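Trainee: I have a chain to go through. Can we take one residue and then the whole fold?
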Amino acid sequence: MSAKNLKTDQLELDAVNPRISKANNQHEAMQRIIEDQDVKLGNLAESIVEDGLNPMDRLLVIKSESGNGKYTVLEGNRRAAAMKILKNPAVLTGLDVRAALQKKLEKLAQMFDLKAVEPIACYEVDTRAEGNAWIEQRHTGEDEGRGIVRWSGVSLFN
């Protein structure tokens, strides 16, 4: 396991991402994320353009099985998809995207500053099983304190 600083072009979407049914290729994985996330993906892209990436959240990656020198994103596929679209909205070509979402993404891409998010802070794991343990901890609730614990007693905005 090790920290990595990667570029958007070094990232591949996870074709076996638990959010989507298994995709056969990157194009299909992008389509499935768009279908699953729709408005949320547009809002995430907007947040990335306006605020950058949350410095507390790294992408979790593994070396691509294809041996192409890229990294498969195990955790952070929505962010990776949004950045790929913002960097090059032509990746939407041939995909089924609602017109309003496509228009929003294309407009955001014109305002996107790639230098504001690259290099992308990532953490590389050696095996998918190792990554899955971290993903499960993050996405299955508080788990008696092992996961992310929600809080609301104190406001940072007062």
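Trainee: Which residues does L13 touch, not counting residues up to four places away in sequence?

Mentor: This is a predicted model, where local features need pLDDT of at least 70, side-chain atom pairs count only at pLDDT 80 or more, and totals for chains, interfaces and linings use all residues. Residues are numbered from 1 along each chain as its sequence is written, and side-chain values use heavy atoms, with hydrogens and water left out. Contact means heavy atoms within 4.5 Å. On that basis L13 touches Q26, A29, M30, I33, T72, N77, A80 and A81.

Trainee: Is L13 buried or exposed?

Mentor: Buried means under 20% relative accessible area, exposed over 50%, partly exposed in between (1.4 Å probe, protein chains only). L13 has 2% relative accessibility, so L13 counts as buried.

Trainee: Where does L13 lie?

Mentor: Helices (H or I, at least four residues) and strands (E, at least two) are DSSP runs, numbered from the N terminus. β2 covers 11–12 and α1 covers 26–37. L13 lies in the loop between β2 and α1.

Trainee: In what order do the elements of the chain run?

Mentor: The chain has five helices and five strands. From the N terminus on, they run β-β-α-α-β-β-α-α-β-α.

Trainee: What share of the residues in the chain is buried?

Mentor: The chain holds 158 residues. L13, at 2% relative accessibility, is one of the buried ones. Buried residues make up 37%.
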